[in-house]
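Work through these exercises with the model open beside you. Try each task before you read its solution.

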Amino acid sequence: MRISLSVANFTWPDGPDRIGHRVGRLARIADQAGFDTLWVMDHLFQIGMNGPAELDMLEGYTTLAYAAGQTERIRLGTLVTAAPYRHPGVLVKTVTTLDVLSGGRAWLGIGAAWNGREAEGLGIPFPPTKERFDRLEEVLRIALQMWRGDRTPYDGAHYHLADPLNSPNALTRPHPPILVGGMGERRTLRYVAKYADACNLFDIPDGEAVRKHKLDVLREHCAADGRDYDEIEKTIAMSVAISRDGRDGTDSPARVLERLGELAASGMDHAIVAPPGPWDEESLQLLGELVPDIEAIVPASR
């Protein structure tokens, strides 16, 4: 089983002038400990589950580029890019640039977007739900076309690219892996089956039955598209509060391993973990010590 880190909270107690130092050190520790991927949110305001909108929030791709320069092997991605926030040609160039400069370590995590407040606040067009999903599908098609090196003009309902040139192209072949985030059954999981390399589910209370149902739906979409269900990496976003002795409502390392084993038994391949607040070095180091044991867990899907 893979384990990765999600950085969703940048409000450390020593203030904004130390955010760069904190992010750089976090990335280096994660890289050296053997975590698979470093993920950041593609939000421009902090989201409600993490605190008020006014808390510190960094732009995702700039943050990943900075982390790439601090690291050597850890992969890098957004969980997940808001499809309407960037023109698809610019987005593909951005992810390709990250892949080239990092030596082939970029992911494209993407979704239809949901946070209308930040979009309205910053003047970003935020169409209705149906149109956002329509645009998401076009972005996925454009990304795959550009990564194939196909310069055929793209003429869609929402996007028109006269010459989708992408030079240099991504180092990762056939393309940076694509994760489509969300658990919607009618469109999101269908897009996973049709276009993506990974899905992303959520570790919700009593969620095993929900996850099983979602994976059954994904399996049905794969069958309809002639896609091998086992090719798709099943990732799960989860909150982990860890301490050496499991004090004050945290999980001990043994309990974290137990939780991950339960998730693997339910079909998860890849855990993407975040703490309830900003990362601290003790938690990161404790999780890093578990990486070899976590990688030894065999998911039920294998």
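**Exercise 1.** Which residues of H7 are buried?

*Solution.* Begin with the ground rules. This is a predicted model, where local features need pLDDT of at least 70 and side-chain atom pairs count only at pLDDT 80 or more, while totals for chains, interfaces and linings use all residues. Residues are numbered from 1 along each chain as its sequence is written, and side-chain values use heavy atoms, with hydrogens and water left out.

Step 1: Buried means under 20% relative accessible area, exposed means over 50%, and partly exposed lies in between (1.4 Å probe, protein chains only). Helices (H or I, at least four residues) and strands (E, at least two) are DSSP runs, numbered from the N terminus.

Step 2: read off the list. Arg211, Lys214, Leu215, Val217, Leu218, His221 and Cys222 are buried in H7.

Step 3: look down the axis of H7. The buried residues fall within an arc of 155°, so they line one face of the helix. The arc is taken from the directions from the helix axis to the C-beta atoms. An α-helix has 3.6 residues a turn, so residues three or four places apart point the same way.

**Exercise 2.** Find what lies on either side of H7.

*Solution.* Step 1: take the face turned away from the buried side. It carries the exposed residues Glu208, Ala209, Lys212, Glu220, Ala223 and Ala224.

Step 1: take the buried side. Its residues pack against helix H6 (188-195), strand S9 (198-202), strand S10 (233-239) and helix H8 (253-265). Contact here means heavy atoms within 4.5 Å.

**Exercise 3.** Check the length of H7 and its end.

*Solution.* Step 1: H7 (residues 208-225) has 18 residues. The expected span is 1.5 Å times one less than the number of residues.

Step 1: H7 reaches 26 Å from its first C-alpha to its last, close to the 26 Å expected.

Step 2: Gly226 follows H7, with a positive phi near 70°.

**Exercise 4.** Trace the strands around S10.

*Solution.* Step 1: 6 of the 7 residues of S10 are buried.

Step 1: S9 and S10 run parallel, joined by 5 bridges. Strands pair if DSSP finds at least two bridges between them. Phe202 has Ala237 in S10 as its bridge partner. The chain crosses from S9 through H7 to S10, a right-handed β-α-β crossover. Right-handed means that, with the strands pointing away from the viewer, the path from the first strand over the helix to the second runs clockwise.

Step 2: S10 and S11 (residues 270-274) also run parallel, with 5 bridges. Ser239 stands opposite Ala274 in S11. S10, H8 and S11 form a right-handed β-α-β unit.
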